[in-house]
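Please look over the model shown here before reading the report on it. The text moves from the sheet to its surroundings and then to single residues.

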Amino acid sequence: GGGTGVFCEIAAGLGKDVTYLDIPGRPYEFARWRFEKYGIPVRMLQTVPGVLELHETYDIVFTDAVLEHLDDPYMPCATLSAHLAPGGLFIMLVDLSGEEEDMPMHKDVDVVKLHATLEEAGLRCLQGRHTFGSIWEKPR
């Protein structure tokens, strides 16, 4: 859920090797336009809901307001954890308000189950256990 690519732009500006991932749609197209227009060196990947295939490892995985849009937020967390490099960080922000009348696209997320998925994948929580914002580390 790379959205408009703001986090990727910041990381690339710090000299990091950045990969953007999102589903096809307007946010993806806007991010591509932005990266091309300003010469921001970001590798772009597209996926479809329910399918997450990765072929690399990453030092940092950052998700912001993504998981609450998925029917199954637990599978992507397990997949992303498997592709985190030793010593890498998984930084996750998730809206826990669930489906509401004015936010019908949000799903209910069980943050305890979500965090248990990360623990089962071998990650350890550095901050924010069972809260909307957490940081996890893959041991070296």
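**Basis of the model**

Because this is a predicted model, local features need a pLDDT of at least 70 and side-chain atom pairs count only at pLDDT 80 or more, whereas totals for chains, interfaces and linings use all residues. Residues are numbered from 1 along each chain as its sequence is written, and side-chain values use heavy atoms, with hydrogens and water left out. The pLDDT, which is the predictor's confidence in each residue on a scale from 0 to 100, averages 92 over the protein, and 100% of the residues score at least 70.

Four strands build an open sheet of mixed pairing, in the order E3-E4-E6-E5. Its edges are strand E3 (58–64) and strand E5 (124–127), each of which pairs on one side only. From one strand to the next the twist averages 20°, where axes are lines fitted to C-alpha atoms (for helices, over the stretch in contact) and angles run from 0 to 180 degrees between N-to-C directions.

Pairing of two strands requires that DSSP finds at least two bridges between them. E3 and E4 are joined in the parallel sense by six bridges, and Val 61 has Phe 90 in E4 as its bridge partner. Between these two strands the chain passes through H3, and this β-α-β crossover from E3 to E4 is right-handed; that term applies if, with the strands pointing away from the viewer, the path from the first strand over the helix to the second runs clockwise. Strand E4 (residues 84–93) and strand E6 (residues 133–137) run antiparallel and share five bridges, and Ile 91 is partnered there by Ile 135 in E6.

Buried residues have under 20% relative accessible area, exposed residues over 50%, and partly exposed residues lie in between (1.4 Å probe, protein chains only). In H3, the buried residues are Tyr 74, Pro 76, Cys 77, Thr 79, Leu 80 and Ser 81, and their cover includes E3, E4 and H4. Contact here means heavy atoms within 4.5 Å. Thr 117 of helix H4 is in contact with Tyr 74, Cys 77 and Ala 78, leaving aside its neighbours within four places in sequence.

**Accessibility of selected residues**

| Residue | Relative accessibility | Class |
|---|---|---|
| Ser 134 | 2% | buried |
| Thr 117 | 12% | buried |
| Glu 119 | 37% | partly exposed |
| His 130 | 38% | partly exposed |
| Ala 65 | 39% | partly exposed |
| Asp 102 | 61% | exposed |

Ser 134 sits in strand E6, and its side chain is joined to that of Trp 136 by a polar contact of 2.9 Å. A polar contact is a pair of N or O atoms within 3.5 Å; within protein, one must be able to donate a hydrogen and the other to accept it, and residues adjacent in sequence count only if both atoms are side-chain atoms. Beyond its neighbours within four places in sequence, Ser 134 is in contact with Phe 90, Ile 91, Met 92, His 115, Gln 127 and Gly 128.

Glu 119 belongs to helix H4 (residues 111–120) and touches Arg 129 and Trp 136, not counting residues up to four places away in sequence. With Arg 129, the contact is polar and runs from side chain to side chain at 2.2 Å. The C-alpha atom of Glu 119 is separated by 20 Å from that of Asp 95, which is 24 residues away along the chain.

**Loop residues**

Most residues other than glycine have a negative phi. Ala 65, in the loop between E3 and helix H3 (74–82), has a positive phi of about 60° although it is not a glycine. His 130, in the loop between E5 and E6, likewise has a positive phi of about 60° without being a glycine. Asp 102 lies in the loop between E4 and H4, and its C-alpha atom is separated by 37 Å from that of Lys 16, 86 residues apart along the chain.
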